[in-house]
Every structure is written in C-alpha cells, then in structure tokens.
Amino acid sequence: MSQTDPTLAQTLADESPSLQAALADLRGLLVEGEGLQACAAQHRLFALTHRRVVVGATTGRLIILQRRLLGGYQPQDIRWQDLKEVSLDVGIVGADLLLVAARGADLAGADQGTRSITIQGLRKEPAAAVYRICQAQEQAWRERRRVREIEELRAKSGGIAIGGAAIAPEGLASPSPGETPAARLARAREMLAKGLISDSEYESIKAKIVSGL
C-alpha cells in the first residue's frame, strides 16, 4: 500500500463489503512494481441504476473500473503520459472528476486527438486525493514534453545540449542553406511564443540576425 496520500488507508478501511471486493479487483490489475496511491468510489446517490464506479490512481496510470450489474467489470486505463487536462468539480454531495487524455499509442506516436472522460458523483475527500495525484502527474509530463520539444527544436536549429542543459540556439542567428534572415527571425519568434526560448535569448538571436544583414 502506498504512503503517498493519508486518505488511502482510511478509504480502503471504510468501504462496504461490495466496494472492498471492487477495490480488490482494482488492486489485482496492478502490474509488478506498480503501487496504488489513491482511490475513490461513486457516492451511492449517483449510482442508483448501476453499480458504483471505482477510480484508482497508481504510480503509472489512472484506472477507471466500470462494474457490471450482473457481475464482472471493465477497466479503462489512462496512462499518465497521455493525460492532458484534469479538473475537479466539488458539489454538495459528491465530486466530478473531468479528464482529457490523448488517444496516441505512445509518447512519440502521431497525434490522434483526445478523449474526454467524466466520472460523476465521487466521494469528495477520496476524489480530491485522486485529483491531487492526477494534477502532479499531468504537470510532470507536461514539463517532460516541453523539455523534449525544446531539445528537438534546438537540435534542428543548431543548438546543443550539454548534461541535460540546453544552450541557446545560436544556429538560428547563423545562415542555413536556403534560409533567409526573415525565416530565421520568424522561427525565433515562434520559439519565443511557445516559451521555448527566453526574451533575452530572442533579443540576442534577433540582434545577430540583424547585424548579419
């Protein structure tokens, strides 16, 4: 059992026998080395016509367990690297977890759009614990994608990386075969707009391009 969130142990202990069985099913889906960090179940008021949905945040993914009326379940996974957005809407009785995830097969795969998932009526405190982990993972993977994009763009622009630290893309300021100064400047503006270079880097690149005219 993970010690990441103190609400996990209490959640596991307080659930009804039927939900204890569902949580056991959820833990049975964990692969070797994967740990359960937080979990939340739907409030009974939001599951009058179906069995309650159980959501689990693990060290590698978010698992949504849809349980069938006549027994059994169908899991749905969202890998943390695919998570794009997460929000929590807390009401009087329950909380809704809203997720937007990429459809791509992997981090390096082609963009295949996104999917939106809403789990309504989760118990509030456990839902908040799941949300905190989703937020932390979404931010961590966003930063990883940003760093990777910087490295790829700077490599294309003639920049280098030493020990994981990117060097300003001096290649943008130097002529490339068939590339005009206006094109280099436009590329620098694009990188600035995306936050891939700082204002000072952009001004330095701009000055070098202009001085070479």
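Visitor: Which exposed residues does the face of H5 turned away from its buried side carry?

Guide: This is a predicted model, in which local features need pLDDT of at least 70, side-chain atom pairs count only at pLDDT 80 or more, and totals for chains, interfaces and linings use all residues. Residues are numbered from 1 along each chain as its sequence is written, and side-chain values use heavy atoms, with hydrogens and water left out. Buried means under 20% relative accessible area, exposed over 50%, and partly exposed in between (1.4 Å probe, protein chains only). Helices (H or I, at least four residues) and strands (E, at least two) are DSSP runs, numbered from the N terminus. On H5, the face turned away from the buried side carries the exposed residues Asp199, Ser200 and Ser211.

Visitor: Which residues of H5 are buried?

Guide: They are Glu201, Tyr202, Ile205 and Ile209. Seen down the axis of H5, these buried residues fall within an arc of 100° (taken from the directions from the helix axis to the C-beta atoms), so they line one face of the helix.

Visitor: How many residues of strand S1 are buried?

Guide: Six of the six residues of strand S1 (residues 36-41) are buried, so S1 is largely enclosed by the rest of the structure. Five bridges join S1 to strand S2 (residues 54-58), and the two run antiparallel.

Visitor: How many salt bridges are counted?

Guide: Side chains of opposite charge can pair when their charged atoms come close. The rule asks for a side-chain nitrogen of Lys or Arg within 4 Å of a carboxyl oxygen of Asp or Glu, and the count comes to five salt bridges. One of them joins the side chains of Asp77 and Arg61 (2.6 Å, N to O). Asp77 lies in strand S4 (residues 73-79) and Arg61 in strand S3 (residues 61-67), so the pair ties together parts that are 16 residues apart in sequence. Glu34, Arg61 and Asp77 are linked in a network of salt bridges.

Terms used:
Two strands pair if DSSP finds at least two bridges between them.
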